[in-house]
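This briefing walks through one structure, moving from a strand in its sheet to the packing of helices and then to some details of the backbone. Please keep the sequence and the 3D view at hand while reading.

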Amino acid sequence: MIIDCDIHVYPNSRCPLAPFIPAAFREAVAMRQDSSPGHGYANPFGVDRRDVVSETPADVVRLHLDPLGITYGVLQPQPGMSVSLIHSIDVANALARAANDWLIETYLRHDPRFLGSICVNMADPAGAAAEIRRLGAHPQMVQVLTCGEGLHLFGHRAYDPVYEACCEMGLVFAVHPGFEGSLRSSTPVGRPSSYFEWHNSLPLTYQAHVGSLVAEGTFEKFPGLKTIFVEGGVSWLAPLLWRMDKNFKALRSTVPWLREAPSEYVLRHCRLSTQPVEEPENPAHLVQLYEMVKAEKTLCFSTDFPHWDFDDPQRAFPSALPPLMKQRILYDNAAELYGLPVRVNAEGVS
């Protein structure tokens with residue numbers, strides 16, 4: 001059994017978004033009032049695999065779910081995930097609503113294995129919370145999605161209404177990279193000069209957001225909040241946990257609202273998707289890395305279909321990975337995160 005936590009779907013001529021844009025905003029969109037800044041980095045070879053053309057729900061089922069035996073697939077709709085970067089707040093909210101209605105009426109209606117993401121405009125936390133409550137009861141909506149780029153680090157109290165709504169509706173807060181550099185440099189010390197360099201530095205975003213969520217006390221304010229950081233790799237987490245726990249011993253007076261070591265909050269509230277899996281020269285080192293981040297509870301499998309650096313579930317893991325850890329990564333961790341049916345073995349034990 002496999003849960004794929006990162007499948008990309010896009011509106012196109014065969015599956016258009018336009019009919020779902022609220023009528024009052026269609027002229028504004030036609031006049032390009034949905035513009036947003038770009039980061040300026042493009043993969044010279046394109047971002048999609050060249051061996052597949054995936055444009056409709058039926059394509060994703062035929063090319064991905066069925067051949068790979070995917071039990072559930074969590075959809076990351078674009079451009080909905082980046083509406084927070086649109087200059088016009090009202091147009092951004094309208095496009096978030098359109099992306100969510102489009103996803104429901106196309107993909108979610110097509111196959112119960114598809115699980116949805118509610119796209120929100122983080123630049124308008126009250127509006128985002130209202131959108132979460134509008135659709136949060138849909139049985140196939142499992143998470144709230146935004147991009148990693150934003151006005152503030154995600155521990156900022158301005159976002160509390162979003163987290164309150166996530167907890168109220170029982171939804172995971174998900175972050176996806178890909179727009180770093182749109183509002184400011186994608187690194188704290190200067191702009192990369194190539195897509196290669198930009199792509200290599202994406203985990204910096206997640207280190208900053210996870211550290212912020214912990215240090216600002218977000219998980220103390222919202223003890224039911226669950227988060228997943230998608231498509232940012234894994235290896236960055238271990239040194240972040242070690243560094244936060246070490247510094248907490250001497251600097252806890254600067255964050256008096258924290259009642260536990262930072263790593264305890266992360267291990268309880270944060271999950272990572274696996275792709276792109278790091279590939280050390282010695283595969284045994286990857287197993288050691290997984291042990292360091294307690295992969296048996298923190299990692300959820302993802303393919304990034306149909307992107308160029310797609311991970312095949314049959315090839316993404318070293319042969320030395322313990323079978324129980326592998327099964328928890330492939331299915332159990334995400335099932336627990338999203339409240340899906342748990343796997344039951346031959347002895348009837350989950």
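Predicted model: local features only at pLDDT ≥ 70, side-chain atom pairs only at ≥ 80, totals over all residues.

Strand E5 is covered on both of its faces, with Val172, Ala174 and His176 buried on one side and Phe173 and Val175 buried on the other.

**Strand E5 and its partners**

- All of E5 (residues 172–176) is buried, 5 residues of 5, so the strand is largely enclosed by the rest of the structure.
- On one side, E5 pairs with strand E4 (residues 141–147) in the parallel sense over 5 bridges, and within this pairing Gln143 stands opposite Val172 of E5.
- E5 also pairs with strand E6 (residues 227–229), again in the parallel sense and over 3 bridges, where Phe173 is found opposite Thr227 of E6.

- The strands belong to an open sheet of 8 strands with parallel pairing, in the order E1-E2-E3-E4-E5-E6-E7-E8.
- Its edge strands are E1 (3–9) and E8 (299–300), each of which pairs on one side only.
- E1 and strand E2 (residues 72–77) pair in the parallel sense over 5 bridges, and the bridge partner of Ile3 in E2 is Tyr72.
- Helix H2 (residues 57–68) packs on the sheet, where it touches E1 and strand E3 (114–119), and its direction makes about 135° with that of E1.
- Helix H7 (residues 203–215) likewise packs on the sheet, touching E5 and E6, and its direction makes about 165° with that of E6.

**Packing of H4 against H5**

- Helix H4 (residues 125–135) packs with H5 at an angle of about 10°, the two axes being 8 Å apart, and H4 and H5 are therefore roughly parallel to each other.
- From H4, the residues Pro125, Ala128, Ala129, Ile132 and Arg133 meet Pro161, Val162, Glu164, Ala165, Cys166, Glu168 and Met169 of H5.
- Sorted by class, this contact of H4 with H5 holds 9 nonpolar and 3 charged residues, and no polar ones.

- Gly224 lies in the loop between helix H8 (218–221) and E6, and with a relative accessibility of 51% Gly224 counts as exposed.
- Although Gly224 and Cys166 are 58 residues apart in sequence, their C-alpha atoms are 8.9 Å apart in space.

**Backbone details in the loops**

- The peptide bond from Gln275 to Pro276 is cis, with omega near 0°, and Pro276 has its place in the loop between strand E7 (270–273) and helix H11 (283–292).
- A cis peptide bond, with omega near 0°, also leads from Phe305 to Pro306, and Pro306 is located in the loop between E8 and helix H13 (323–338).
- Asp304, which is in the loop between E8 and H13, has a positive phi of about 70° although it is not a glycine, and Asp304 is buried, with a relative accessible area of 0%.
- Arg32 is another residue other than glycine with a positive phi, here near 65°; Arg32 is found in the loop between helix H1 (26–30) and H2 and, at 55% relative accessibility, counts as exposed.

Key: Residues numbered from 1 in each chain as written. Heavy atoms only, no water. Buried < 20%, exposed > 50% of the residue type's maximum accessible area, 1.4 Å probe, protein only. Helix = DSSP H or I, 4+ residues; strand = E, 2+ residues; numbered from the N terminus. Pairing = 2+ DSSP bridges. Axes fitted to C-alpha atoms, helices over the stretch in contact; angles between N-to-C directions. Parallel < 35°, antiparallel > 145°, perpendicular 65-115°, else oblique. Contact = heavy atoms within 4.5 Å. Nonpolar A, V, L, I, M, F, W, Y, C, P; charged D, E, K, R; others polar.
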